[in-house]
Amino acid sequence: MGSVRKCDLKQKRESFYDFCARFPFYAFPVLNLMGECYNFHMTEIKKCAMFLADGFEECEGLITVDMLRRAGITIDTISMNETDEVLTSHKIRLHADRLFRDTDITGYDVLILPGGKLGTENLEKSEELKQYLVSWNQQGKLIAAICAAPSIFGHLGLLKEKHYTCFPDFYSADYEGIYEMELSVVDGNIITGRGMGATIEFARNLIKALCDEETLQKTEYGMQYEHSFRRLTKKPE
């Protein structure tokens, strides 16, 4: 590499970044001409939207928001109601950041659905939200759902021939997908989670899709994640 001029390396690096920005969801490592290893998804800051309807499962929603914000990811909570107040499945009243009716959803890269039986039913009533989910999937953009909410993907035909998981009561052979007995499953641009107890793994998969390994480790250390706290005995630099 000593025969390559510094300006040539700078140009090659900028070209590489431009290519990565155009194809951000390829998550495999690439060795560039500088001998540096990158993930395509690390080259853009992604903006996430979490859609909250009355009856959503609060832990599935808020733990995911908490973890993504710890990782430095921008995520807005969006109320599907006429006001910003949303009533959770366990009768906790919360205030969302924005109203769905007043929000330009095209400004978001990632769409996330929490579960809860009633919350999922209320989310699925929105034809506009479902249109966004179909459009995002067609574009290869990241969509995620947990617990009952993957059933919305299934009803839209988005799980066909895809590996996924969901709360057992919401599994259906009609989705024509490959149902996995896992806490959280990633298949291409679709991330699914099994239920409230799977929320941390669900959120970790989102962070892994959007950030680098160092950010994931810092997030795990900050929350003392059960599978790494013995290994991460001090905050990663």
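**The sheet and its neighbours**

Tutor: Alanine 49 stands opposite leucine 111 in strand E8. The model is predicted, so to speak of local features requires pLDDT of at least 70, side-chain atom pairs count only at pLDDT 80 or more, and totals for chains, interfaces and linings use all residues. Residues are numbered from 1 along each chain as its sequence is written, and side-chain values use heavy atoms, with hydrogens and water left out.

Start with the inventory. The chain has seven helices and 13 strands. These are DSSP runs, numbered from the N terminus (helices are H or I, at least four residues; strands are E, at least two). Of the 237 residues in the chain, 47% are buried. Buried means under 20% relative accessible area, exposed over 50%, partly exposed in between (1.4 Å probe, protein chains only).

Now the sheet. It is open, with seven strands in the order E7-E4-E3-E8-E9-E13-E12 and mixed pairing. E7 (98–99) and E12 are at the edges; each has a single partner strand, so one side of each lacks a neighbour in the sheet. Two strands pair if DSSP finds at least two bridges between them. E3 pairs with E8 in the parallel sense over three bridges. E8 (residues 110–113) also pairs with E9 (residues 143–146), in the parallel sense and over three bridges. There, isoleucine 112 has alanine 144 of E9 as its bridge partner.

Look along E8. In a regular strand, side chains alternate between the two faces of the sheet. Val110 and Ile112 point one way from E8, Leu111 and Leu113 point the other way, and all are buried.

Next, E9. Isoleucine 143 sits in this strand. At 0% relative accessibility, isoleucine 143 is buried. Contact means heavy atoms within 4.5 Å. Leaving aside neighbours within four places in sequence, isoleucine 143 has contacts that include Leu111, Leu133, Trp136, Phe153 and Ile191. The C-alpha atoms of isoleucine 143 and threonine 192 are 8.7 Å apart, although 49 residues separate them along the chain. For the whole chain, 57% of the contacts with a separation of 6 or more join residues 24 or more positions apart.

E12 (residues 184–187) and E13 (residues 190–193) run antiparallel, joined by four bridges. Aspartate 187 has isoleucine 190 as its bridge partner in E13. The hairpin of E12 and E13 has two residues between the strands, and glycine 188 takes a positive phi near 65°.

Helices cover the sheet. Axes are lines fitted to C-alpha atoms, for helices over the stretch in contact, and angles run from 0 to 180 degrees between N-to-C directions. H4 (residues 127–138) lies across E3 (47–52), E8, E9 and E13, at about 130° to E8. H6 lies across E3, E8, E9, E12 and E13, at about 165° to E13. In H3 (residues 117–124), Gly119, Thr120, Asn122, Leu123 and Glu124 are buried. The buried residues of H3 pack against E3, E8, H4 and H5 (150–155).

H6 (residues 199–210) also packs with H7 (residues 213–223), at about 150° and with the axes 10 Å apart. That makes H6 roughly antiparallel to H7 (under 35 degrees is roughly parallel, over 145 roughly antiparallel, 65 to 115 roughly perpendicular, the rest oblique). H6 contributes Ile200, Arg204, Ile207 and Lys208 to the contact, and H7 contributes Leu216, Thr219, Glu220 and Met223. These residues divide into four nonpolar, one polar and three charged (Ala, Val, Leu, Ile, Met, Phe, Trp, Tyr, Cys and Pro are nonpolar; Asp, Glu, Lys and Arg are charged; the others, Gly among them, are polar).

Last, the cysteines. A disulfide here is a pair of cysteine sulfur atoms within 2.5 Å. By that rule the count is zero. For cysteine 48, the nearest cysteine sulfur is that of cysteine 211, 8.7 Å away. Cysteine 48 is buried, at 0% relative accessible area. For cysteine 147, the nearest cysteine sulfur is that of cysteine 166, 8.4 Å away. Cysteine 147 also counts as buried, at 10% relative accessibility.
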